[in-house]
Amino acid sequence: MPVMFVGACAGPLSTLDTAGPAAGNVATLWWVMLAGAAVLTLLVLALLLLAFLPRLRPAKGSARLWICWLGVAMPSAVLALLLGYALMLGEGSIAHPAPGRMVVAATGHQWYWTFRQPGSNGAIETRGVLHIPVGRPVDVQVGSVDVIHSFWVPRLGGKMDAIPGQINILRIKADKPGVFEGQCAEFCGLNHAANRFRVVAHDADGWARFQSGGGR
Ligand SMILES: [Cu+2]
């Protein structure tokens, strides 16, 4: 059974089989929340058990302990810590200035994606495939021409809504060359489920070839 669960963690759209730092942060937060939820579940089950075993129940319950500490203080502290940690990790998806940073425009359509980025001989436009270099932060300017879509490459980063008339920026980065699957993550009409795309992360040679107009 555990092998079955571990097998489910991989795959082209897995958020746990990460290939870059932004997606790694999302996965780390997920594991931390899973561990925390497991501890709290055990605690609640233990308290439930106490309720059914009068012999183990304290003779006289203290309202102050149960309500103020276990009911208010503990959940508040846990949620505050989790919020702080999530904000810290979320920094990885924000487009801060960074050396080697590359900018690309991603536009959602019903039902496909187009990408536009600078090349050696002028702008390069692609449909359905976004090309990026390995090891460099890529800031994706996410927009839409019709309805709300969402740009999502689970193995490289978080999600970003594509809203008509607005540009939202999401940072992704690939640590290794490869092809990574992307999926629109906001219901955008009848063909939403098939609104997929790919991100190809190139090594230095492949990137130079793409930039000069080859390998598209
Ligand atoms: Cu969609």
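Here is a short tour of this structure, one selection at a time.

Before you click, know that this is a predicted model, where local features need pLDDT of at least 70, side-chain atom pairs count only at pLDDT 80 or more, and totals for chains, interfaces and linings use all residues. Residues are numbered from 1 along each chain as its sequence is written, and side-chain values use heavy atoms, with hydrogens and water left out.

**Stop 1: the whole chain.** Show everything as a cartoon. You'll find four helices and 10 strands, where helices (H or I, at least four residues) and strands (E, at least two) are DSSP runs, numbered from the N terminus. Walking from the N terminus, the order is α-α-α-β-β-β-β-β-β-β-β-β-β-α. The C-alpha atoms fill a box of roughly 80 × 40 × 40 Å along the principal axes. Of the 216 residues, 31% count as buried (buried means under 20% relative accessible area, exposed over 50%, partly exposed in between, with a 1.4 Å probe and protein chains only).

Stop 2: Select residues 149-152 and 159-162, which are strands β6 and β7. They pair in the antiparallel sense over four bridges; for strands to pair, DSSP must find at least two bridges between them. Look for W152, whose bridge partner in β7 is K159.

**Stop 3: N168.** Now jump to strand β8, residues 168-172, and pick N168. Is N168 buried or exposed? At 13% relative accessibility, N168 is buried. Leaving out residues up to four places away in sequence, N168 touches V140, Q141, V142, M160, D161 and I163 (a contact means heavy atoms within 4.5 Å).

**Stop 4: the copper ion.** Which residues hold the copper ion? Select C184 (SG), E186 (O), C188 (SG) and H192 (ND1), which coordinate the copper ion at 2.1 to 2.5 Å. Donors are N, O and S atoms within 2.8 Å of the metal (3.2 Å for Na, K and Ca), and water is not among the atoms, so sites may look incomplete. Their sequence spacing is C-x1-E-x1-C-x3-H. Colour by accessibility to finish: C184 is buried at 2%, whereas E186 is partly exposed at 32%.
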